[in-house]
Amino acid sequence: MLKTVKIKNFRGFRQFELHDLGRINLLVGANNSGKTSALEAIQLLCARDNLKPLADMIDRRGEYLWNERTSEKELDIRHLFHNHKIGIEDKDKIEVLGESRGIDKSEKLTIISDLRMKRRREASDNRLEIDPRGTDDDLDDFKSLQMILDWSSGQEQTGGCALNLSDQGGLSINSINSISIRARMGAFNILGSMETTEKSEFTTQFVTSSGLTVPKVIELFERVVLTPEEETVYQALRAVEPKIERIASVGSVSYNPLEESRQGFVVRANNSRMPIGSMGDGVWRMLGLTLAAVEASNGFLFVDEIDTGLHFSAMNKMWELIWEVSKRLDVQIFATTHSSDCWESLADVASRYDTTDDGITIQRIERNQPMGRANAYVSLQFG
C-alpha cells in the first residue's frame, strides 16, 4: 500500500503531498479544489505501463483537439501540466512519487513534454548519426514534439516510453492504444523499444462521479457470476434495497451506450422481475462500486464523489462493505466527497472497527492554499 504520495506540477497542483495514508483514504474538499486531480495523478503512478487511464482521464474532461490534416481527434495534453503549456523547461515536468507502507520502496512517474532538437551529423565512418538533444546552429536541425514518460523504482529506471505529438501538441489516441496493448507483454524503455521486464502487477479501477458505463458494469458483473464474490454484490445492493433477491444481466438486449441511463440488468425483488432502472440511483451506484472494488483485487480503486446517488442512511453500510472488501481482497482505496454526511459516516465506521494494521484517513484539500503538506491537507487518522 502507498504510505505517502507527492505530486508536482500536475493540473492545479504546483506541489501537493498526502501522508500517513491507509487502506481507505477519503479526500474532502469544495468543488474545484483538486480532489479529482489527485485521484488521477495517483492512478497514473499505479497504472505504470498501462496508458489507457491517461487517455480516459483526458477524454472524459473533454480535453481534445481536432487535427484537420488527419481528420482525427487528438488528446490535448497541455492541461495535464500546471502551466497548461508544453515544450517549456525541465522544471515544468510532472512528477508523481509514491512511497510504500512497511518497506523501503518508492515508485516515481515523471512526465515531460519536450521540444526536441534532432540534429544530423556526419560521423567519422560517413554514417549518419542522430543526436536527440542537439543545439548547434550549423547543423541540419528539425523540431519534434514528444511526450516522455519514465517510471522508476528507488534509484533505478524500470521503464518508459516516448510518444510523438502532432505539430499542434496533440496526442493520437491510436498511439496510446497501441502501446497499451503491447505493454501487456512487457515494459518500454525511453526510446519506445521493448524491455523484458515484468509488466505492472497492479490493477487500477476508476469510478467517475457519474458511475461506470453500462457495458463496463455488464462486463464486470459477468466475471463474478457463479463465484463467491457474487454474494458480495447482493449484500451491497441489499444495503440500499433489502428486498432485492437476485439480479441478472441482459447484455443481449439492444441499448444505446451513449445514454446516461441504467440499463442492461433486471432485478428480482418481492417475487417480481423489473428493470434495474426502476430501483433508483442508489442501487446502480452501489452495483458499480462493488464490482469495481472486486475487480481491483490486489490493486487500487479510485472513486470520484463516492456518495453520488446514495442517501446518508445507506452510507454506513456502504463504508462497512467497502472496508470488508478492501481488506479481504487487498485493495487500497482513494475516494473523494464534498459531503459532511459521507466523511462522518466513514469516521463512524472507523471508530467501530479495528483499523490498527491498515488505517482509514480523511484528508481535507483546501482551495486557494499553497499546495504543500502543511497547508494542503488536514488528516483524521484511525488505527
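Me: What makes E13 and E14 a pair?
Reply: E13 and E14 are joined by 5 bridges and run antiparallel. Two strands pair if DSSP finds at least two bridges between them, so E13 and E14 qualify. Arg246 has Arg268 in E14 as its bridge partner. The model is predicted: local features need pLDDT of at least 70, side-chain atom pairs count only at pLDDT 80 or more, and totals for chains, interfaces and linings use all residues. Residues are numbered from 1 along each chain as its sequence is written, and side-chain values use heavy atoms, with hydrogens and water left out.

Me: How do you know which strands stand at the edges of that sheet?
Reply: The open sheet has 3 strands in the order E13-E14-E15, with antiparallel pairing. E13 and E15 (272–275) each have a single partner strand, so one side of each lacks a neighbour in the sheet. On average, neighbouring strands here are turned by 25 degrees against each other, direction ignored. The strands, like the helices, are DSSP runs numbered from the N terminus (helices: H or I, at least four residues; strands: E, at least two).

Me: What residues make the contact between H4 and H6?
Reply: Contact means heavy atoms within 4.5 Å. Val214, Val217, Leu220, Phe221, Arg223 and Val224 of H4 meet Trp284, Leu287, Leu291, Ala292, Val294 and Glu295 of H6. These residues divide into 10 nonpolar, no polar and 2 charged. Nonpolar covers Ala, Val, Leu, Ile, Met, Phe, Trp, Tyr, Cys and Pro; charged covers Asp, Glu, Lys and Arg; the others, Gly among them, are polar.

Me: Which residues of H4 are buried?
Reply: Val214, Val217, Ile218, Leu220, Phe221 and Val224 are buried in H4. They pack against E12 (204–207), H5 (229–240), E13 (244–249), E14 (265–269) and H6. Just after H4, Leu226 takes a positive phi of about 65 degrees.

Me: How do you know that E18 is largely enclosed?
Reply: In E18 (residues 360–365), 5 of the 6 residues are buried, so the rest of the structure largely encloses E18. E18 also pairs with E3 (residues 24–28), in the parallel sense, over 5 bridges. Leu27 stands opposite Gln363 in E18.

Me: What order do the strands of the sheet with E4 take?
Reply: The order is E4-E5-E11, an open sheet of 3 strands with antiparallel pairing. E4 (64–67) and E11 (170–172) stand at its edges, each with a single partner strand, so one side of each has no neighbour in the sheet. The twist averages 45 degrees from one strand to the next. Helix H2 (residues 52–60) lies across E4 and E5, at about 95 degrees to E5.

Note on methods: Buried means under 20% relative accessible area, exposed over 50%, partly exposed in between (1.4 Å probe, protein chains only). Axes are lines fitted to C-alpha atoms, for helices over the stretch in contact, and angles run from 0 to 180 degrees between N-to-C directions.
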